[in-house]
Each structure stands twice: as C-alpha cells, then as structure tokens.
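I opened the file to look up the sheet, the helix packing and the nonpolar cores. My notes follow in the order I took them.

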Amino acid sequence: MSVPIASCSITEGPVTLPKAWTDALTEFTANQIPIHLIDLQTLRLVSRSDVARHYRLILAAYLQKHPSRQNAPQHEITRTIFKIVKYAIFSHRWLAEGEPTFQDMSMISTFAEALSRDDETVLAQTLVTHVPDIATRAGLHKFLLFCSKARSYHCRFAWSDTCCIHKDSSAELDESIRAMFRWYHNAYVCIVHLASSLASDDIPTDEWFTRGWTLQELIAPESIKFYNREWRAFTDARNDKDRRNDTLPLEKRNPVWLAILRVTNIPPGRLSYFSPGAFDVAQRLSWAAGRRTTRIEDVAYALVGIFEIHMPVQYGEGRFAFQRLMEALLLRVQAYDIFIWTGPPSQYSAALPVSIEGYLVAREAENCISVPNEFGDPSMMLTHKGLQVEVLLVPVDCREAADEHIEDERDSDSEETESEKHNDQDESRSGSDPDDDDELGVRFLGNDVESQSTDQGRFSWFHFTDSGGVFRPLSVRGSGPIVFVDDIFTYPDIPPRQYAFAILDYHRDWERGSGCVYVPYSQKSKYLAFVLYRDEPGEVWHKLQTNTLVYVQVEDEKMYEGKTVNICL
C-alpha cells in the first residue's frame, strides 16, 4: 500500500478516528519514533505528539477512502500505521565543528520561507545572511542537502543526530542512545553521506566504515541510500541494501552492496535483514572490533541496540562500559561463542577480553559456534569473583624437559629401534623441530586432576587447531609429549607445574547420568577450550593468555569421558 504525504499542516484541529486506530497510532509514535523530528516543510523541530496529530489527518483520509478498514484486526492496523508514518534518517561522519545543533534549529526554522527555493545553496546563503552565527558552519549545507534528499523519498519528517537530540537533557540523551537502533530500523529510508568517496571504488576506504556508531546505522535500516561527497547517488537503485541483491548474478548486483560486503565482513543475509538480539555474539562483536569512537564509552553504547540489552548510559566510566556490556550479555546468552576471543583478559574476569579488539579473531571462527543449550554448562554466570562455569577439565603435567620423558620411554622399550623411536617422536610433534628452544613439553595425564599419574585414559590423539582449522604442532600419541609453540601462547614469568584444557562446549550424556560428559558427540569433534595453569594441585586455576583460538579435536571413533569441574575465572 502506498499512501501519499498530505500537504496539511500538523497544527490543524483534532480529527476523530476509531479508538483502535487512535490507540495504535499513539502507541507507535510514543515508542517507535525519535523524540524530536524535523518537519521538512518548515525545518521546525516537532515532538512525537505533533507527529501523531499530523498522521491522524492522514489516517482519517485513508479510512474515508477505505471505510471497510475501520474494523481491521489489530495486527493489520499496526502494519498500516508503520507504512504510513514515514521519516528519513541521516548517517554521516560528524565534522570537527560546524554541525547544526538542537539550539540552532529554532533560528533555522525562523527563515522557513526560503524552503520554497529548489537550490540548497541559495537556501544556505539566505540563512547565513540572516543568521551570522551560522556563517562559518560547514555542516549547514550538508544538513540542508540531507533534507532535500529526504523530500525526494516523499518523507514529511526527518531525523539527524546532530540537531534532533537535546543533549542538555540527560534523560533524553540516555533514551536516544538506547533507542537509536530501533529508530534507524523503523525509518523509511536511511540516507548515508560518504564524505571521502567519489566513486564506488572509494567506498571500502571511506572513514564512515571505521566508526563505531555507523555499524548499527548500516545494519538496522531495511532501506538505505548512499551518496558520495558531492551528494550524487552511487547507483540508480532506490535501496542500496535491497535483499534481492543476493539472488542476482554477480554482474547485476549493486556495486555499493558488493563494496559493503568486502569492507565489513558481514554475511549477505545479515546485511539485507538484521534481527537484533543476544545471539551470534562473537560474530557481531567482530563486526564492531577495529571501529573507533570519540568517547571510549561509546564502543559499548553503540552496541546495546544490536544486542537488545539495556544498560544505563554513564559517561565518565571509560573502558568499564565494555565490561558492563559483557556482563549484560552473559546474563542473556548461553552459547559459548562469547568466549571466541584472544589477547589480554579483563581485570574483572579472565574469561572475558579487556577490549572489543579481542573479537577480531571471531571473523574467521563462525563455523565453530556451538548451538545454545546443547553443549556445555547452561547455568554459567558472572559473579563478583569472575565467571562461574562448569567445564570438562583435561589436565596435563608440565615438565621442564620433555626429552627426559621421551628418554624414559626409550629405555623401557628395548624392542624398538633407535630409528623407529626417532620417527615416533617427530610424528608426535606433528612436524615441529625437537631442538627448538621456544617449545615447552607437557604430557597428558588423563582423567585424574590431582595426581601426577601417567594414565593415558581413553585418549590416543589430542590436537589444537587454530580458528582457521589449521592443525598446530600439539598432539598426544600414546605417551608422547604435547608441544606448545611460544608464538601461540603467552606464558607466566615462571612456568607452572600443571596445565589443563578446560573444554567449554562438551556434550552431557543425560541417559548415562547427569555427571557423565564426553567428547566427541555425533559429528561434532571440535571443541572450544581455555588453557589453564596452576603451580600446585589444589590451587586455583588461572587462564593462560593466548594469541589464537584454542580448540580440542578428538580423532574419529575415539572418546574422552570424564566428570566436570566447577571453576571461577
């Protein structure tokens, strides 16, 4: 259904509507649109109640034309209102200075008669002539051109983050930040100005794609239109994010669409239609990793709408805002992809990264995400002591000289030739150099966490793989050593006595008892793990900082069975 914009003024008198329509319109405008919008006919800032009053006139005309719709079901009423209430929304890079402000809008609207002119340059000059304070503001012309493009989409209203938020009101600022994703999603069209790009080939290097806030401004709207630095459209398409792009032959796809896919690493389906929520956490955090914000706190605040979580805005808290974001996510998620990160840990919990940059590695780890509630501990929680989680603990014993253990095996096996033993050692290290000084030998202990037994349990193979599925030279064959490579791990200053693999997304065999867990399960043989260490049995486990993801893979037809251990990281 296409409903034309009425030319009536929003100040006209009250109009009678059926109660169901009035209630639905009131609820929609009070909750689903920005607090203030720009009336594109007058350049005046208007409130939600002004917008509702305007659209009551539109709805009245619509129902007069379609009287049978007066008693429509509630869901059809809501859908119709969503289509009728149209506003354009702006996405751009802020200038260092010169952007029109909330306070400027009252001065700008004073000269609304200039709107009758088609030339935005003339309009800008008219405002500069009458309002000298605006003369040096380069953002004014950009703002007026945005308004012009919004009118070309037949929108009566528009919203820009520079001038539509009363930033002196902490309550309005807080609501705006937390509701911004919804506002971009509900907009009829999002108009994007790429100030550093002239042709579509320039898009991947435009600074717009490096900023934290523009991520939600890209994925939230269903309709988006990109303009270059001269305010010319890159393509003739009405919607540069049209979901049909993904079904077209490559040569017929929108070049802007293809450029966005290359620069953002966002899957086509997610780009075309994005559903907010606390799932696919690592993947979504990886999209934001590497982006910059002027205020440190905005790294976290720019993501609250993407994950549909609620956290108060507290400028001044610095990097702790990201910690609060992670705490809020852990209250909502049970999937273990939230632990797909590398690098330094947070000072508040070793299970979480110190910054969002730790999730850069998750861009290549999408196939390793476990299905929620099928694996691991469904009741993990973040406490004041750290992450409380139940893991399948696979201990290994650190040896200062792995070669001593190998020599003991050689002495005890007199039937094996020296050549065969040397080949077995090389094979167990999966191609690593036995004489490399950067390697640390450890040996698999089996099910017993506390003892220093050499029992091999049910394991005959044990591997680490990186996020790309490439095998690292870490394996156990019989009683041979596992070899850690130093460019993967960051060790404590003094090597501890004991290491362990904390398998997070293990499978629990409920038919054999709630305490029995094992790997592998069905077709899943690759499991996300932390590497833990401690000095003595009985002491608290600590997480080893890693520079790559750690996965445990079990050979086909092999199984490791054991009991879980509750740890706090």
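I count two strands as paired if DSSP finds at least two bridges between them. I note at the outset that the model is predicted.

I looked up strand E1 (residues 36-39) and strand E2 (residues 44-47) and found them antiparallel, joined by four bridges. For Ile38, the bridge partner in E2 is Leu45. Leu37 has Val46 as its bridge partner in E2. Four residues separate E1 from E2 in this hairpin, and Leu43 in the turn has a positive phi of about 60 degrees.

Entry 2, the sheet. Which order do the six strands take? I read E2-E1-E4-E3-E5-E6, an open sheet with mixed pairing. From one strand to the next the twist averages 35 degrees. Helix H2 packs on the sheet, where it touches E1, E2 and strand E4 (157-159). The direction of H2 makes about 85 degrees with that of E2.

I checked burial along E3 (residues 87-91): five of its five residues are buried. Tyr87, Ile89 and Ser91 point one way from the strand, while Ala88 and Phe90 point the other way. Side chains in a regular strand alternate between the two faces of the sheet. On pairing, E3 runs parallel to E4 over three bridges, and Ile89 has Trp159 as its bridge partner in E4. E3 also runs parallel to strand E5 (residues 189-193), with four bridges between them. Phe90 stands opposite Ile191 in E5.

I then took H1 (residues 19-31) against H2 (residues 48-65): the angle is about 145 degrees and the axes are 10 Å apart. The crossing of H1 past H2 is right-handed. From H1 the contact uses Trp21, Leu25, Thr29 and Ala30. The H2 side includes Arg48, Val51, Tyr55, Leu59 and Leu63. By class I have nine nonpolar, one polar and two charged residues in this contact.

Ala60 and Gln70 are 10 residues apart in sequence, and their C-alpha atoms are 9.8 Å apart in space. I also looked at Ser223, in the loop between helix H8 (214-219) and E6. Ser223 is buried too, with a relative accessible area of 14%. Leaving aside neighbours within four places in sequence, Ser223 is in contact with Tyr188, Val189, Cys190, Arg238 and Asn239.

How many residues does the largest nonpolar core have? I find 133, with Phe226 and Phe339 having the most contacts inside it. Not counting residues up to four places away in sequence, Phe339 touches Leu330, Ala351, Leu352, Met380, Leu387, Leu504, Leu528 and Phe530. Another core, of 12 residues, lies apart from the largest one, and among its members are Leu392, Ile503, Tyr506 and Ala529. Nonpolar side chains tend to be buried together in soluble globular proteins.

Note on methods:
Residues are numbered from 1 along each chain as its sequence is written. This is a predicted model: local features need pLDDT of at least 70, side-chain atom pairs count only at pLDDT 80 or more; totals for chains, interfaces and linings use all residues. Side-chain values use heavy atoms; hydrogens and water are left out. Axes are lines fitted to C-alpha atoms, for helices over the stretch in contact, and angles run from 0 to 180 degrees between N-to-C directions. A crossing is left-handed if the near helix is turned anticlockwise from the far one by less than a right angle, and right-handed if clockwise. Contact means heavy atoms within 4.5 Å. Ala, Val, Leu, Ile, Met, Phe, Trp, Tyr, Cys and Pro count as nonpolar, Asp, Glu, Lys and Arg as charged, and the others, Gly among them, as polar. A nonpolar core is a set of buried Ala, Val, Leu, Ile, Met, Phe, Trp, Tyr and Cys residues joined through side-chain atoms within 4.5 Å. Buried means under 20% relative accessible area, exposed over 50%, partly exposed in between (1.4 Å probe, protein chains only).
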